[in-house]
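Welcome! Keep the sequence and the 3D view open as you go.

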Amino acid sequence: MKKEVEKLLQFVQKPARYIGGELNAVVKNKDAVDIRYAFCFPDTYEIGMSHLGMKILYGLVNERDDAWCERVFAPDTDMEEQLRKNDVPLFALESGDYINEFDIIGFTLQYELCYTNMLNMLNLAHLPLKSCDREQLTPIVCVGGPCCCNPEPIADFVDIVFLGEGEESTNQVLDLLKECKKQGKSKKEFLLIAKDITGVYVPCFYEDTYNDDGTLKSLPPTNNAPATVKKAVISDMNRVYYPKSFVVPYINIVHDRAVEEIFRGCIRGCRFCQAGFIYRPIREKSVETINEQCKALIESTGYDEISLCSLSTSDHSDVNKMLTTLIDWTVKENINLSLPSLRVDNFSDELVEQLNKVRRSGLTFAPEAGTQRLRDVINKNVTEQEVINTCNKAFNNGWTSVKLYFMMGLPTETMEDIEGIAKLAMEVVHAFYNNPQRQKGTGVQVSVSCASFIPKPFTPFQWEPEDSMESLKEKQKHLLESVPSKKIKVSYHDTPTSLLEGVLARGDRRLGKVLLRAYELGCKFDSWDDKFNFDAWMQAFNENGIDPYFYTHRKRDFSELLPWDHLDFGVSRKFLENENKKAHRNETTPHCRIKCSGCGANKLNGGKCDARN
């Protein structure tokens with residue numbers, strides 16, 4: 001660590017965020033590598049260190065002898081103050097070197113409200129914010145993650161965008177950059193070759209024009225860039241790189257445990273869920289691979305908990321064998337096995353039996369909507385009776401707390417649907433007290449969490465208007481008034497942040513100047529309630545003559561060109577249109593293992609999809 005950085009640590013609240021040196025951190029000789037990669041997470045250390053994608057790509061790049069990947073997190077306000085006061089650029093944890101000296105600076109974008117943090121980190125690194133102002137070959141600024149299914153609002157600031165899964169495309173880009181450095185090629189020469197790598201999108205090679213009504217008219221490619229850019233897909237989850245060790249932090253982080261990814265994609269087709277569509281097709285790891293990787297992580301980190309990661313853990317086609325295999329050794333070694341993302345409609349007796357063998361914690365289920373009609377609209381394919389039956393199984397086996405996830409502001413939603421949330425929660429309370437096996441003297445706690453629904457790209461609801469802040473506040477108030485018992489605890493999201501998320505999620509390139517102005521007005525850490533400055537954002541919109549409600553309150557026609565239509569995440573536009581029409585008819589679509597609905601995602605994987613086995 002540089003001395004000028006080290007002397008700042010005495011003035012910050014949590015110096016362990018900035019010192020590096022943790023167990024399994026990778027330190028190399030910088031003179032012995034050709035490529036230096038600064039992997040940036042645009043939020044604090046505690047959040048970024050919990051992110052699985054960073055762990056995977058950190059290990060992947062550091063497996064190479066010719067490259068060194070180091071971690072960079074958004075400094076909290078106390079550290080930023082010290083960096084600016086002492087004119088010290090943003091630095092990487094492993095070496096302490098300034099990231100403006102690196103060859104590639106990569107941001108993972110998990111949430112639209114972290115965009116200003118990305119700009120702040122570039123500014124702290126003493127780099128120009130706009131791609132066109134960074135004229136040298138290096139550093140190349142790239143982004144990846146779920147927000148990149150519509151990267152248009154940040155197109156002015158990044159050089160390349162990784163679409164889809166980065167395990168293969170990352171290495172291809174590093175190989176190319178290494179060669180371009182050797183040959184003394186320019187940044188444009190690098191980008192002209194990079195644009196042809198599967199899963200790589202170069203925004204500067206596309207030009208946007210607009211209709212008189214403000215909608216997007218065209219986004220044609222230039223420089224022989226592809227008219228449609230396809231996401232990258234990993235075919236074989238058993239053979240793809242997965243780290244044998246994680247960096248173990250010195251301080252508590254949000255998810256401080258080993259994490260094992262068991263499959264990618266989802267069979268369910270919930271119409272609100274972006275992840276359920278953009279991560280298709282379904283690809284599973286075998287039980288043997290999962291078991292082997294879990295053992296390796298526990299041995300290398302010393303963690304006493306493993307979390308199984310997927311969009312719906314109990315949908316693994318061999319879930320009972322998987323749990324039996326893992327429990328055989330985790331119980332003996334006092335390792336806790338965590339199973340998030342359980343479904344109420346496949347919470348089997350066998351699964352309950354397995355869960356009884358591990359440490360007891362609260363159960364979380366997601367009915368998503370309060371009435372059957374609205375659950376059919378969103379294609380949740382879960383009935384109220386299944387929710388109650390599942391809770392009864394849990395109560396029969398000693399659970400006394402249940403968390404229920406819902407959404408508010410869904411298409412076609414009425415106040416009756418809002419009342420249904422309270423009624424369903426009360427039915428769960430009744431199920432507990434009517435349970436003959438309930439231990440006397442015990443009580444139940446039902447937590448109801450309501451997120452504000454945001455229509456997202458590449459979902460059947462991408463054409464739908466977002467509910468207004470005023471309407472959401474009325475619904476939140478009505479929900480609180482509808483709850484009849486103190487056994488039910490309700491929480492919900494703040495509505496102004498939902499508005500901004502909705503604008504950035506479906507916005508176009510014109511938002512780049514709004515984003516830049518909001519940053520200049522001091523906006524950062526927008527996902528943190530105590531730091532979010534709604535008035536500054538509204539000022540940025542007003543100064544640039546852009547109406548944020550144009551992006552949120554307007555229902556889009558199927559004929560409209562959407563800002564992300566030139567990106568191919570596998571699921572066909574026609575399939576999404578049909579799902580939207582079925583939603584408005586209250587019709588459901590069976591999940592992939594009951595019947596293939598022809599979403600088209602398997603075409604990016606050579607026709608293969610594990611859901612169709």
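**Exercise 1.** Find out whether Met-1 is buried, partly exposed or exposed, and which surface patch it belongs to.

*Solution.* Start with accessibility: Met-1 has a relative accessible area of 38%, so it is partly exposed (buried means under 20%, exposed over 50%, partly exposed in between, with a 1.4 Å probe and protein chains only).

Before you go on, a note on the model: it is predicted, local features need pLDDT of at least 70, side-chain atom pairs count only at pLDDT 80 or more, and totals for chains, interfaces and linings use all residues. Residues are numbered from 1 along each chain as its sequence is written, and side-chain values use heavy atoms, leaving out hydrogens and water.

**Exercise 2.** Work out which side chains make polar contacts with the side chain of Asp-467.

*Solution.* First, locate Asp-467 in the loop between strand S17 (445–452) and helix H15 (469–482). With 17% relative accessibility, Asp-467 counts as buried. Now check the polar contacts (pairs of N or O atoms within 3.5 Å; within protein, one must be able to donate a hydrogen and the other to accept it, and residues adjacent in sequence count only if both atoms are side-chain atoms). One of 2.9 Å links Asp-467 to the side chain of Ser-471, and another of 2.7 Å links Asp-467 to the side chain of Lys-475.

**Exercise 3.** Explain why strand S2 is described as largely enclosed.

*Solution.* Count first: seven of the seven residues of S2 (residues 67–73) are buried, so the rest of the structure largely encloses this strand. Then recall a rule: in a regular strand the side chains alternate between the two faces of the sheet. In S2, Ala-67, Cys-69, Arg-71 and Phe-73 are buried on one side, and Trp-68, Glu-70 and Val-72 on the other. Last, find the partner: S1 (residues 35–41) pairs with S2 in the parallel sense over seven bridges (two strands pair if DSSP finds at least two bridges between them).

Terms used. Helices (H or I, at least four residues) and strands (E, at least two) are DSSP runs, numbered from the N terminus.
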